[in-house]
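Good morning, and thank you for coming. Please look at the structure on the screen while I go through a few of its local features.

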Amino acid sequence: MLDDTGIRVMQHRAQGFCCAQIMVRLALEDMGRDNPGLVRAAHGLCFGMGDFRGPCGALGGAVLALSLHAGKGGPDEEPEPRLACMLEELGEWFRSAMAQRHGGHHCAEILGADLAGLDCASGNLPRPDPMRCGPAIVDTYARIQAIMAEYGVDLSRPRD
């Protein structure tokens with residue numbers, strides 16, 4: 001049975017959003033916010049930053065989500081001083097968890113895709129796999145929530 005986050009991930013995926021965009025949308029929703037520009041920018045992190053050989057977009061989206069809560073947003077604002085530690089913890093967890101499940105943390109590894117025939121011109125590209133990508137997104141979002149709780153960052157309160 002899917003939990004609330006799993007259902008939300010499926011809904012966003014059905015709307016055509018990719019992994020990084022879904023991660024950002026979850027964070028924005030939890031803050032009661034909407035930011036199409038940020039969601040649009042997150043699209044560039046999907047599919048291994050475009051070539052499937054880069055890190056999974058769920059990690060990139062998770063970095064954005066953490067930074068949305070703890071990063072510097074204006075000239076008179078200071079970032080959460082422990083943001084680097086939070087990001088390091090997230091990255092270590094993601095690389096380890098995805099290596100255990102899929103043999104690596106790159107998009108193609110998580111998808112189990114053979115990139116030998118990759119051809120953008122013909123459209124011969126791997127497709128997101130809900131059975132692999134969905135759990136990666138759900139688990140990564142849960143990890144973000146745990147890290148923020150550990151560092152005392154309120155998920156529901158946007159930084160203003």
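I begin with a term: a residue is called buried when its relative accessible area is under 20%, and exposed when that area is over 50%. By that cut-off cysteine 46, at 2% relative accessibility, counts as buried. Please bear in mind throughout that this is a predicted model.

Cysteine 46 takes us directly to the disulfide. How many disulfides does a search of the whole structure find? The search finds one. Its partners are cysteine 18 and cysteine 46, with their sulfur atoms 1.7 Å apart. The torsion about the S-S bond is about 60 degrees, so this disulfide is right-handed. As to location, cysteine 18 lies in the loop between H1 and H2, while cysteine 46 belongs to helix H4, residues 46-49; the pair therefore ties together parts that are 28 residues apart in sequence.

Cysteine 19 takes part in no disulfide, and the nearest cysteine sulfur, which belongs to cysteine 46, is 4.3 Å away. With 15% relative accessibility, cysteine 19 counts as buried.

Although phenylalanine 47 is not a glycine, its phi is positive, at about 55 degrees. This residue is partly exposed, with a relative accessible area of 25%.

I turn now to helix H1, which spans residues 4-14. Which of its residues are buried? They are Thr5, Gly6, Arg8, Val9 and His12. These residues cover an arc of only 160 degrees around the axis, and therefore lie on the same side of H1. On the face of H1 turned away from the buried side we find the exposed residues Asp4, Met10 and Ala14. The cover over the buried residues of H1 includes helix H2, residues 19-30, and helix H8, residues 130-150.

At its start, a side-chain oxygen of aspartate 3 comes to within 3.3 Å of the backbone nitrogen of threonine 5. Just after H1, glycine 16 adopts a positive phi of about 95 degrees.

Next, glutamate 80, which is found in the loop between helix H5, residues 57-70, and helix H6, residues 83-102. Is this side chain's residue buried or exposed? Glutamate 80 is buried, with a relative accessible area of 18%. Its side chain is joined to that of arginine 82 by a polar contact of 2.7 Å.

Finally, I would draw attention to glycine 37, in helix H3, residues 36-42. Glycine 37 is partly exposed, its relative accessible area being 36%. Between the C-alpha atoms of glycine 37 and alanine 108 the separation is 27 Å, and the two residues are 71 residues apart along the chain.

I shall be glad to take questions.

Methods. Residues numbered from 1 in each chain as written. Predicted model: local features only at pLDDT ≥ 70, side-chain atom pairs only at ≥ 80, totals over all residues. Heavy atoms only, no water. Buried < 20%, exposed > 50% of the residue type's maximum accessible area, 1.4 Å probe, protein only. Helix = DSSP H or I, 4+ residues; strand = E, 2+ residues; numbered from the N terminus. Arc of directions from axis to C-beta. Contact = heavy atoms within 4.5 Å. Polar contact = N/O pair within 3.5 Å; in protein donor to acceptor, adjacent residues only side chain to side chain. Disulfide = S-S within 2.5 Å.
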